[in-house]
Amino acid sequence: MHHFQYRDNELYCEDVPVKKICEDVGTPLYLYSHATLTKHFRAFDGSFKDIRHLTCFSMKSNSNIAILRLFYNEGGGVDIVSGGELFRALKAGIDPSMVVYSGVGKTDEDMEYALKSGIMLFNVESRQELLRLNSIGERLNKSAPVSIRVNPDIDPMTHPYISTGLRENKFGIPIEDAPDIYRLAKGMRHIDIRGVSCHIGSQLTNVSPFVDALKRLLVLIEELRNNGITIEYLDIGGGLGITYSKESPPHPEEYAEAIKKEIKNDIILILEPGRVITGNAGILVTRVIYTKSIGQKNFIIVDGAMNDLMRPALYGSFHGIQPVIFSPDRKKLKADVVGPICESGDFLAKDREMYSFEPGEFMAVMSAGAYGFSMSSNYNSRPRPPEVLVKGDQYFIIRQRETYEDLIKGENIPDFLLK
Ligand code: LLP
């Protein structure tokens, strides 16, 4: 359930008419509901309340500092994958001791920044990374808290671009190699082994791959402990799916029950949910510029585009399309919703049975709160849209629309070209 609902045929975000925000702020724009974000965080985190755990919101799904702060206020930490994400997290006021850091390509600078900041855990993804982290620790005279990210070779049964837990994927260390890496790590003076981590993929709509992966990790943990290695944390990543169209993913409670059944109280669980918390708590609102029909094909041309929401172009993902003002006599048609970008891949919906739209009307592109703004770009020199957070009957601009000046920030014409 989310707080984007119709009242008298008009779409509201909580108690604010979406149309009013569009008129005040302009389109395209991202709109988030505070009540939905909070409810989703609590539903997820609350499902684990009876065991020791830390919910580290996966901020790659939505990295606005206001949203990060909201979850931090709810007791959450964050899962980061870059120095830039660490910077954002610290700017949001998040305690570094609640930050876990994954990623296959951490640079020396990234690791140094994170180590100096005092993060909670590095999820190390290769032998070379481990060696590098140890030498950075030596240089800084610090010990790096580490989990090894293990690849359990489980098929998450999701889109190939967002599968991560199969042997063929670039992520983590194959589970059968993990004991050796732990042995190596144990002998390193600047590595402090704390846990085991994994993340098998995203938008999973079934609990069984999570449970299969978890069982493999638990066998590994037992083996490690038998070899005198202390394992305090078990990080099972994120990945729980949401309903974009007709999917029926497990409720967080069902997911939590399945996980809790497997683990004993001898470990602290770390969770890295992203999409399940923010996905249906945000929409992209756009305005129809033109409509046109070419033969059998109908196009609705809007002011939002693939640079604003990349998921349809990149993964062929489905996002619901809804009119901001609904009229019961609206005709239905099959159409492509496309943006102004010069690419045929620039669509927000394709061959979609939907309501017809007229130029000037506002359109809501649903389920855009995760991997929406955070994946946006300036392609075609389009300033990125603003982000707006609604709370009750108020709204707050949590990121301004970019300006043309922002587009060229940092660019420079060398003197030799200025003649
Ligand atoms: N932890 C790690 C280590 C991850 O790599 C990810 C996502 C997550 C947690 C959070 O997964 P979630 O709970 O959001 O499923 N851009 C794609 C999704 C890429 C996911 C990458 N990793 C999309 O728009 O569908």
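A residue counts as buried when its relative accessible area is under 20%, as exposed when over 50%, and as partly exposed in between (1.4 Å probe, protein chains only). Glu14, at 11% relative accessibility, is therefore buried.

## About the model

What you see here is a predicted model, in which local features need pLDDT of at least 70, side-chain atom pairs count only at pLDDT 80 or more, and totals for chains, interfaces and linings use all residues. Residues are numbered from 1 along each chain as its sequence is written, and side-chain values use heavy atoms, with hydrogens and water left out.

## Two domains

Let's start with the overall layout. The protein is divided into domain 1 (4-31 + 279-407) and domain 2 (34-276); these bounds come from an automatic or database domain assignment. Taken over C-alpha atoms, the centres of the two domains are 32 Å apart. Where they meet, 22 residues of domain 1 are in contact with 22 residues of domain 2, contact meaning heavy atoms within 4.5 Å.

## The ligand and its shell

The ligand is surrounded by 19 residues, and the closest are Ser202, Glu272, Arg311, Tyr315 and Tyr371. A residue is near a molecule or strand if one of its heavy atoms lies within 4 Å of it. Both domains take part: domain 1 and domain 2 each supply at least three residues of the shell.

Some individual atom pairs are worth a look on your screen. A polar side-chain atom of Arg311 is 2.6 Å from an oxygen atom of the ligand, and a polar side-chain atom of Tyr371 is also 2.6 Å from a ligand oxygen. Arg275 takes part through its backbone, with a polar atom there 2.8 Å from an oxygen atom of the ligand. On its own the ligand has 580 Å² of accessible area, and the protein covers 92% of it; such areas come from the Shrake-Rupley method with a 1.4 Å probe, and for residues only the protein chains shown count as cover.

## Backbone details

Tyr371 sits in the loop between strand 19 (362-365) and strand 20 (387-391) and is buried at 15% relative accessible area. Helices (H or I, at least four residues) and strands (E, at least two) are DSSP runs, numbered from the N terminus.

Glu14 also has a positive phi, near 50 degrees, and lies in the loop between strand 2 (10-13) and strand 3 (16-17). Thr27 and Pro28 are joined by a cis peptide bond with omega about -5 degrees, and Pro28 belongs to the loop between helix 1 (18-25) and strand 4 (29-33).

Ser102 is in the loop between strand 7 (99-101) and helix 5 (108-117) and is buried, with 7% relative accessible area. Its side chain makes a polar contact of 3.0 Å with the side chain of Asn123. A polar contact is a pair of N or O atoms within 3.5 Å; within protein, one must be able to donate a hydrogen and the other to accept it, and residues adjacent in sequence count only if both atoms are side-chain atoms.

Val124 lies in strand 8 (residues 121-124) and is buried at 0% relative accessibility. Its C-alpha atom is 8.9 Å from that of Val150, 26 residues apart along the chain.
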